[in-house]
Amino acid sequence: MQRSVYEKIRDDEIEANIVLKDDYITAFKHINPQAPVHIIIIPNRRIIGMNDIDENDNVYLAMLLLAAKNIAKQQKISETGYRLIINSGTNAGEETDYLNIQLLGGKKLS
């Protein structure tokens with residue numbers, strides 16, 4: 001299986017504007033933001049998509065949500081509101097075979 005761009009960012013092979021990185025997740029600014037704050041959060045263990053989640057992924061999934069909450073606070077959008085997006089499948093707009101959460105905020109979203 002070919003390595004995705006997210007794996008290369010996670011492994012520091014492609015430069016990205018990293019917002020947060022720890023043992024469980026990597027978060028970085030989107031290169032084509034749809035809002036003033038647009039951050040992609042990925043688990044450091046490759047999970048292809050929502051349909052591939054299993055019980056072994058529970059810590060990574062919990063850490064994704066905790067990271068989203070903490071990044072929203074760090075970016076000063078936790079009080080005004082933010083959106084979390086998980087796309088699953090091409091009809092939903094999924095472009096990369098790597099589970100990710102997109103965090104958007106910093107303006108009123110319609």
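The exercises below treat nonpolar cores and salt bridges in a predicted model.

Residues are numbered from 1 along each chain as its sequence is written, and side-chain values use heavy atoms, without hydrogens or water. Local features need pLDDT of at least 70 and side-chain atom pairs pLDDT 80 or more, while totals for chains, interfaces and linings use all residues.

**Exercise 1. The largest nonpolar core**

Task: Find which residues of the largest nonpolar core touch the most other members, and which elements give two or more residues to this core.

Solution. 
- Step 1. A nonpolar core is a set of buried Ala, Val, Leu, Ile, Met, Phe, Trp, Tyr and Cys residues joined through side-chain atoms within 4.5 Å. Buried means under 20% relative accessible area, exposed over 50%, and partly exposed in between (1.4 Å probe, protein chains only).
- Step 2. The core holds 16 residues, of which I25, A27, I39, I41, L64, I71 and L103 touch the most other members.
- Step 3. Assign elements. These are DSSP runs numbered from the N terminus: helices (H or I) of at least four residues, strands (E) of at least two. β2 (25–29), β3 (37–43), α2 (58–74) and β5 (101–105) each give two or more residues to this core. α2 gives the most, with 5 residues.

**Exercise 2. Around A27, and a second core**

Task: List the contacts of A27, leaving aside neighbours within four places in sequence. Then name members of the second core.

Solution. 
- Step 1. Apply the cut-off. Contact means heavy atoms within 4.5 Å.
- Step 2. Read off the partners. A27 is in contact with N17, I18, V19, L20, I39, I40, I41 and I71.
- Step 3. Turn to the other core. This separate set has 6 residues, including Y6, I9, F28 and Y98.

**Exercise 3. Salt bridges**

Task: How many salt bridges does a search of the whole structure find? Which residues do shared partners join into one network?

Solution. 
- Step 1. A side-chain nitrogen of Lys or Arg must lie within 4 Å of a carboxyl oxygen of Asp or Glu. The search finds 6 salt bridges.
- Step 2. Take R3 and E13. Their closest N and O atoms are 3.0 Å apart. R3 sits in the segment before α1 (5–10), E13 in the loop between α1 and β1 (18–21), 10 residues apart. R3 is partly exposed at 33%, and E13 is partly exposed at 48%.
- Step 3. Take D11 and R10. The N to O distance is 2.9 Å. D11 is partly exposed at 33%, whereas R10 is buried at 13%.
- Step 4. Take D12 and K21. This bridge spans 3.3 Å, N to O. D12 is exposed at 59%, and K21 is partly exposed at 37%.
- Step 5. Join the bridges. Shared partners link R3, R10, D11 and E13 into one network.
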